Structures are given as C-alpha cells and as structure tokens.
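Visitor: Could you take me through the charged side chains here, with the criteria spelled out as we go?

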Amino acid sequence: MLTLSQNRLTGPIPVELFSLSTLVDIDFSYNMFTGKIPPRVGNMKNLVGLDLSYNPFTGSIPGTIGQLVLLQKLDLSSNSLVGTIPDSIEKLKSLAFIALSNNRLSGNFPKGVSKLQKLQYFVMDDNPMFIPLPAELGMLVKLQELRLVNSGYSSVIPPSFSQLNNLSALSLQNNRLTGDIPAGFGGFPHIYHLNLNRNFLGGVVPFNASFLKRLGRNLDLSGNAGLCLSPIEAYGVKIGVSICGKNGSLIQPLKASEAPPHELFSFSFLISAALGVFFMS
C-alpha cells in the first residue's frame, strides 16, 4: 500500500512507481500532481484500489486501466479529465466503487458498462455529458448508490432503472430528464434518499403514502413543473410538487414557502396554474 494523500506533492507521477508491480493500493488524493494519468498504470496488475482524486490531472482516462482486472475501487474525481470513459472499463469485473465526478468527461458510456456486475457505487456528478440517460446502468443490479447530478442527461428515465432494487440512494437532480417517474421506483425496498429535482419530469407521482412517509425529507421532486401528487397521498406531505385534479391536471400550485424557487417554474406556468384554479372554482 502506498498512501501519500493530503500533501502538496507536485509534478507528474514518477515513472519508477510503475515498476512496483506488487502494490495493491495507491492513494495520491488531495495533492497537486499534474500531467496525464500515465498509460503505464496498466502494468500494476495487482492493484485493488486506485485513488487519484483531487489533483489537476488532465487528458483522458487511459485505456490501459482495463488491465487492472483485480481493481475494486477507482476514484478519479475532481480532476480535469476529458474524453469518454474507455471501453476497456468493462474488463474491471471486480469493480465495486467508481467515482468520476467533477471532471470534463463527455460522450456515450461504453456499451459494456453493464458487465460490471459487482458495482455497488457509481458516482459521476458534474460532467458535461449531454446524452440520454444510459439504459445499461439499469443492468447493474447490485448498485446501492447512483449519482449522476448536474450533467445534462436528457430523455426519459429508462424503464431498466426500475430493476435497481438494491438502491439506497439515487440522485439525478439538475438534468434535463423528461416523461414520467417510473412506477417501479415506488417499489424500491431499501431506498432512503431520492432526488429528482430540477428536471422536466411530468405526470402523477407514482408513490404511495407509505413510501412518502419512509423517505420524508430525503425525497425531493421540486423543480419539475409538470409533476403532481394524488390528493389521496398528499395529506401532510411536502415534496415540492402540486396536487393533481381528477384528470391528472395540476389544481393546487404549492405556496412559495413550500418549495424552493427555480427557473423551471416559469412565470407563464404560474399564471396558467392560477387561472386553472380560478375557473375550476
């Protein structure tokens, strides 16, 4: 094990390091290492943990990362990495934790990401992805936490996400997601944190009173102007959405004190909702 975390180390990683083939864990987090992640990192075949987070590394994730077939933890978050996740990542069959947040990664996910069947934690916030939410992530049935916040994901939430029955936390806020919340989300047996706020979701919230009570303040659906909650389930619940009418239309916008302001609640929408209440009364 080689741990040099939270120092002020600078410059590129010394090439001599990659001759230490017996190392099983490297933690160089919270330093000031520069340059690219060397392709020779793939030579360290016994690595179980690799943490290079919170450094100003640049360039792309080297494809040789796929040679680290024993790797269980990979943390490259808070660097300045660009490009796509390499296709070779599908070879990391032992991977349980991956964090890639706060980089400049973009483009499509590797199709083989669904092969990471031991993955439990996937954290990839704050990257300019701007793609549809990948359905392949719904095949990672051992996931306990999935975070894809503030990354420009679009389209509907894939139905395959309803298969993630081991989730305890799902964070998809501040994206461009549309359509309904999958009904299967209300059946997640272990979830305690669900944040879908600041998207373009619509329709009736598919959660019953028991689910709403269990999550309480750990459920945030605010900032989705088209969502509404069934009046039967709405008593005593404040989750940042309006109450549905008989036909699923919005009839009771929340007061300003009950939901955080957001640009998605446009002035025109508020006027329309208010007129709807007036005419129905």
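Guide: With a relative accessibility of 35%, K73 counts as partly exposed, because that class lies between buried, under 20% relative accessible area, and exposed, over 50% (1.4 Å probe, protein chains only). The model is predicted, so that local features need pLDDT of at least 70 and side-chain atom pairs pLDDT 80 or more, while totals for chains, interfaces and linings use all residues. Residues are numbered from 1 along each chain as its sequence is written, and side-chain values use heavy atoms, with hydrogens and water left out.

Visitor: With which residue does K73 form a salt bridge?

Guide: A salt bridge here requires a side-chain nitrogen of Lys or Arg within 4 Å of a carboxyl oxygen of Asp or Glu. For K73 the closest N and O atoms of the pair are 3.8 Å apart, and the partner is D51.

Visitor: Is D51 buried or exposed?

Guide: The pair links distant parts of the chain, 22 residues apart, with D51 in strand 5 (residues 49-51) and K73 in strand 6 (residues 73-75), where strands are DSSP runs of E, at least two residues, numbered from the N terminus. Because its relative accessible area is 9%, D51 is buried.

Visitor: Which residues are linked in a network of salt bridges?

Guide: R147, partly exposed at 29% relative accessibility, forms a salt bridge with E145, their closest N and O atoms being 3.7 Å apart. The network comprises D125, E145 and R147.

Technical notes:
Helix = DSSP H or I, 4+ residues; strand = E, 2+ residues; numbered from the N terminus.
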